[in-house]
Amino acid sequence: MTTEYRPRLFERDSEIRAIGEGLLACALPRAAWTHEAHLGACLWLLSERPDVDIDAEIAGIIRRFNESVGGVNDDRQGYHDSITRAYVAGVRLFLSGTGETGLAARVNALLQSEMGRRDWPLRFYSRELLFSVPARRGFVEPDLAPLPAQGQDPRAPSPASSRFRRERPRDRAFR
């Protein structure tokens, strides 16, 4: 998994709304499109923008933004469909269980939760599959454990977590 990191937390709801609006308008500075911004924008879209069908539109929204700041969406960089959809599932799960009410409080709690970790999708996917071209191009089902659904306890350990995961013979070859 990745090295521990401390997420950059948000002080005000308006910061998150500005990121979300900047993403939609392709007006956000490229440097502002961080991991925290990705998750903040996702939570904002899911909770405050019912006019945006995130399942149908998220790929186009992020691809357009990437291109607007000079980025490229290809087999090695830019939009990654499986990672994005894993985090959308995680943010939905988080929202179904959080008691926080303010936007910044919810985003900050998400960022400090298991679902906010940069390596969270690796609870469900092997590195080999997650970082494959097919997983970048389109959603690929996880190979270690199913993505969680709303209604599951977000604190429950994943079968793919290190304490519960049994090593598969093919995994040893990639160490």
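Which helix does Thr 84 lie in? Thr 84 lies in helix α4, one of the elements of a predicted model. The protein chain has eight helices and zero strands, where helices (H or I, at least four residues) and strands (E, at least two) are DSSP runs numbered from the N terminus. Of its 175 residues, 41% count as buried; buried means under 20% relative accessible area, exposed over 50%, and partly exposed in between (1.4 Å probe, protein chains only).

Residues are numbered from 1 along each chain as its sequence is written, and side-chain values use heavy atoms, with hydrogens and water left out. Local features need pLDDT of at least 70 and side-chain atom pairs count only at pLDDT 80 or more, while totals for chains, interfaces and linings use all residues.

**Overall fold**

- From the N terminus on, the elements run α-α-α-α-α-α-α-α.
- Among contacts with a separation of 6 or more, 65% are between residues 24 or more positions apart; contact means heavy atoms within 4.5 Å.

**Helix α5 and its cover**

- Helix α5 (residues 103-111) is mostly covered, with seven of its nine residues buried.
- The buried residues of α5 are Leu 103, Ala 104, Arg 106, Val 107, Asn 108, Leu 110 and Leu 111.
- The cover over these buried residues includes α1, α2 and α4.

**Packing of α4 on α5**

- The axes of helix α4 (residues 81-97) and α5 come within 11 Å and cross at roughly 120°. Axes are lines fitted to C-alpha atoms, for helices over the stretch in contact, and angles run from 0 to 180 degrees between N-to-C directions.
- This angle makes α4 oblique to α5, because angles under 35 degrees count as roughly parallel, over 145 as roughly antiparallel, 65 to 115 as roughly perpendicular and the rest as oblique.
- The crossing of α4 and α5 is right-handed. A crossing is left-handed if the near helix is turned anticlockwise from the far one by less than a right angle, and right-handed if clockwise.
- On the α4 side, Val 91, Phe 94 and Leu 95 meet Arg 106, Ala 109 and Leu 110 of α5.

**Packing of α2 on α5**

- Helix α2 (residues 35-48) and α5 have axes that come within 10 Å and cross at roughly 130°.
- With that angle, α2 is oblique to α5, and the crossing of α2 and α5 is right-handed.

**Aromatic pairs**

- The structure holds three aromatic pairs. One of them is Trp 120 and Phe 124, an edge-to-face pair at 4.8 Å centre to centre with 70° between the planes.
- Rings of Phe, Tyr and Trp (its six-membered ring) pair if their centres lie within 6.5 Å; planes under 30 degrees apart count as stacked, over 60 as edge-to-face and the rest as tilted.
- Trp 120 is buried, with a relative accessible area of 3%, and Phe 124 is buried at 5% relative accessibility.
- Tyr 87, Trp 120 and Phe 124 are linked into a cluster by ring pairs.

**Cysteines**

- The count of disulfides is zero, a disulfide being a pair of cysteine sulfur atoms within 2.5 Å.
- Cys 26 is found in the loop between α1 and α2. Cys 26 is partly exposed, with a relative accessible area of 27%, and has a positive phi of about 55° although it is not a glycine.
- Cys 42 is buried, with a relative accessible area of 8%.

**Individual helix residues**

- Thr 84 is buried, with a relative accessible area of 14%. Not counting residues up to four places away in sequence, Thr 84 touches Ile 58, Ile 62 and Tyr 79.
- Glu 15 lies in helix α1 (residues 13-25) and is partly exposed, with a relative accessible area of 21%.
- Glu 15 touches Arg 8 and Phe 10, not counting residues up to four places away in sequence.
- The C-alpha atoms of Glu 15 and Ala 37 are separated by 9.5 Å, and the two residues are 22 residues apart along the chain.
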